[in-house]
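Please read it alongside the sequence and the coordinates.

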Amino acid sequence: MSENEEVPAEGQSRRSVLRAGGATAAALAAPGGAAAAAPAGASGAVGASGAEAPALPAATSEVALRVNGREHPLTVEARATLLDVLRERLGLTGTKKGCDRGECGACTVLVGGERVKSCLTLAVMEDGREITTVEGLARGDDLHPVQDAFIRRDAFQCGFCTPGQIMSAVACIDEGHTGSDEEIREWMSGNLCRCGCYPNIVDAVRSAARGAGR
Ligand code: FES
Ligand code: FES
């Protein structure tokens, strides 16, 4: 007998326990039984006829996302992450989906100038706030100094983590966490690079910080 199996009371055989369980299931399925009494709207509820009740519609909200200086009025599901809305609704695919659970930093964007992991942020939470993605850094043909530093210092290989690294680096420099290589490493540690470009990334952040007078 497994740990989870019920121990029959004294005088009660395994067969009688199973028979009692079968009777309960039959009672639940019978017209007028507990299953028939389930609320009609309950998600996934199965009625007496065996037909599945229609699923409840997803809750939605009206939001106005301000992304890279443009306002986007949208109807979004309350559960939609900022990452999915940026990529799938606004077509801003520069922001990458790596782990989708807050561990890799590939989805980093700036909200109100602060870095956030957009896979852990609901879009409805950022209604009306100023959001910057990697697409919003360059001014026309002029790259942002951090983008330029990543190219000059050869700070990427496959490039998948690079948009998140760059957004994090912009904030890291603004925050003033670039006093030493150790400090840069510490404050960039939320952004992982599977290609192992860390020495060049630190180099690029240091170079951009010095260029900004930090
Ligand atoms: S995709 Fe958001 S932290 Fe990895
Ligand atoms: S450059 Fe490939 S994951 Fe960082």
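A residue counts as buried here if 20 or more other C-beta atoms lie within 10 Å of its own. By that criterion, 30% of the 214 residues of the protein chain are buried. The model is a predicted one, and the points below should be read with that in mind.

**Overall make-up**
- The protein chain contains 6 helices and 5 strands, and when it is read along the sequence these elements follow the pattern α-β-β-α-β-β-β-α-α-α-α.
- Among the contacts between residues at least 6 apart in sequence, 52% join residues that are at least 24 apart.

**The sheet**
- The 5 strands form an open sheet with mixed pairing, in the order S2-S1-S5-S3-S4.
- Strand S2 (70-77) and strand S4 (114-117) each have a single partner strand and stand at the edges, so one side of each is left without a neighbour in the sheet.
- Direction ignored, neighbouring strands of this sheet are turned by 40° against each other on average.
- Strand S3 (residues 108-111) and S4 run antiparallel and are joined by 4 bridges; within this pairing, Leu110 stands opposite Arg115 in S4.

**Helix H4 and its neighbours**
- Helix H4 (residues 162-175) lies across S3 and S4, and runs at about 35° to S3.
- Two packed helices are described by the angle between their axes and the distance between the axes.
- For H4 and helix H6 (residues 198-211) the angle is about 40° and the axes are 10 Å apart; the two helices are therefore oblique to each other, and H4 passes H6 in a right-handed crossing.
- On the H4 side the contact is made by Gln165, Ala169, Cys172 and Ile173, and on the H6 side by Ile201, Val205, Ala208 and Ala209.
- The residues of this contact of H4 with H6 divide into 7 nonpolar, 1 polar and no charged.

**Backbone points to check**
- Most residues other than glycine have a negative phi.

Methods
Residues numbered from 1 in each chain as written. Chains lettered and ligands numbered in written order. Predicted model: local features only at pLDDT ≥ 70, side-chain atom pairs only at ≥ 80, totals over all residues. Pairing = 2+ DSSP bridges. Axes fitted to C-alpha atoms, helices over the stretch in contact; angles between N-to-C directions. Contact = placed C-beta atoms within 7 Å. Parallel < 35°, antiparallel > 145°, perpendicular 65-115°, else oblique. Left-handed = near helix turned anticlockwise from the far one by under 90°. Nonpolar A, V, L, I, M, F, W, Y, C, P; charged D, E, K, R; others polar. Buried ≥ 20, exposed ≤ 12 C-beta atoms within 10 Å, placed from the backbone.
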